[in-house]
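I opened this model to look up a few points of its fold. My notes are below the display.

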Amino acid sequence: MTTWLRDETPHDIFRFLREGDEGRHQTAHVTADGAAWLATAAGGRPGAALTRWEAAPASPAALPCGTVFDVVNVDPVFGRRMLDRLWEEGPGSGPVAVHRGRMMLFAAPGTAQRLPALLDWEEWGEAVPRPLCHGVGDAVTVPPLTPADSAGPRWLVAPDTRHPWLPGPEVMLWACVRAVRAASTADVRVSIFPPADPGANVYDVSRRR
């Protein structure tokens, strides 16, 4: 393990984040351990990423996908339905962010390549708003470590551990299908009256005396 990951790391950004750990709502705030995990996505130079964040913790950063995480980028309304299913009926989620009107669900490496194929084979796949999947060769903008501008990228579920659980392609497929089914069920309207016969004669009974 490299020294930058240890508690004796020289980067003050860890001390800064730890000092804010007490007494605040952590869901949308990156912890020191979460920052350490994000920095590993920078490849062989995680220390450089930490140095940039230390200088500007309220600025977003671009990180490559495909090694530490993939990202499934979806419409925010559909993404919220996916999150509801993941947290109410499933195993939960990994980190989740919003940026430029889209929701970004962090997933296990390899998900970006596998998920589109699974959707093509799934019975309900055509009903799923096609996600943008970011994997090897792609980079995404991640929100700042400390939120500053509510109009910019922000965390909904911020990284809080050095080894976060990330859903794989099968879990993401399950969440997509459950979200579609839930929306389909909500659109169903039940009536106590039978459907009208299109060939039946209709009389205006309001004029009867």
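**Basis.** I am working from a predicted model, in which local features need pLDDT of at least 70, side-chain atom pairs count only at pLDDT 80 or more, and totals for chains, interfaces and linings use all residues. Residues are numbered from 1 along each chain as its sequence is written, and side-chain values use heavy atoms, with hydrogens and water left out. Helices (H or I, at least four residues) and strands (E, at least two) are DSSP runs, numbered from the N terminus.

**Cores.** I looked for nonpolar cores, meaning sets of buried Ala, Val, Leu, Ile, Met, Phe, Trp, Tyr and Cys residues joined through side-chain atoms within 4.5 Å. Buried is under 20% relative accessible area, exposed is over 50%, and partly exposed is in between (1.4 Å probe, protein chains only). The largest core has 26 residues, of which Phe-78, Met-82, Val-96, Met-103, Leu-105, Leu-115 and Met-172 touch the most other members. Helix H6 (169–186) is among the elements that give two or more residues to this core, and H6 gives the most, with 7 residues. I then listed what Met-172 contacts (heavy atoms within 4.5 Å). Beyond its neighbours within four places in sequence, Met-172 is in contact with Val-72, Met-82, Leu-105, Ala-107, Thr-111, Leu-115 and Pro-167.

Ala-139 is the bridge partner of Pro-64.

**Aromatic pairs.** I searched the whole structure and found 4. Rings of Phe, Tyr and Trp (its six-membered ring) pair if their centres lie within 6.5 Å; planes under 30 degrees apart count as stacked, over 60 as edge-to-face and the rest as tilted. The Trp-37 and Phe-69 pair is tilted, with centres 5.6 Å apart and planes at 50°. Phe-106 and Trp-155 are also tilted, at 5.5 Å and 40°. Phe-106 lies in S4 and Trp-155 in S7, so this pair ties together parts 49 residues apart in sequence. Ring pairs link these four residues, Trp-37, Phe-69, Phe-106 and Trp-155, into a cluster.

**Arg-100.** I noted a positive phi of about 55° at Arg-100, which is not a glycine. Most residues other than glycine have a negative phi. Arg-100 is in the loop between S3 and S4 and counts as exposed at 76% relative accessibility.

Key. Two strands pair if DSSP finds at least two bridges between them.
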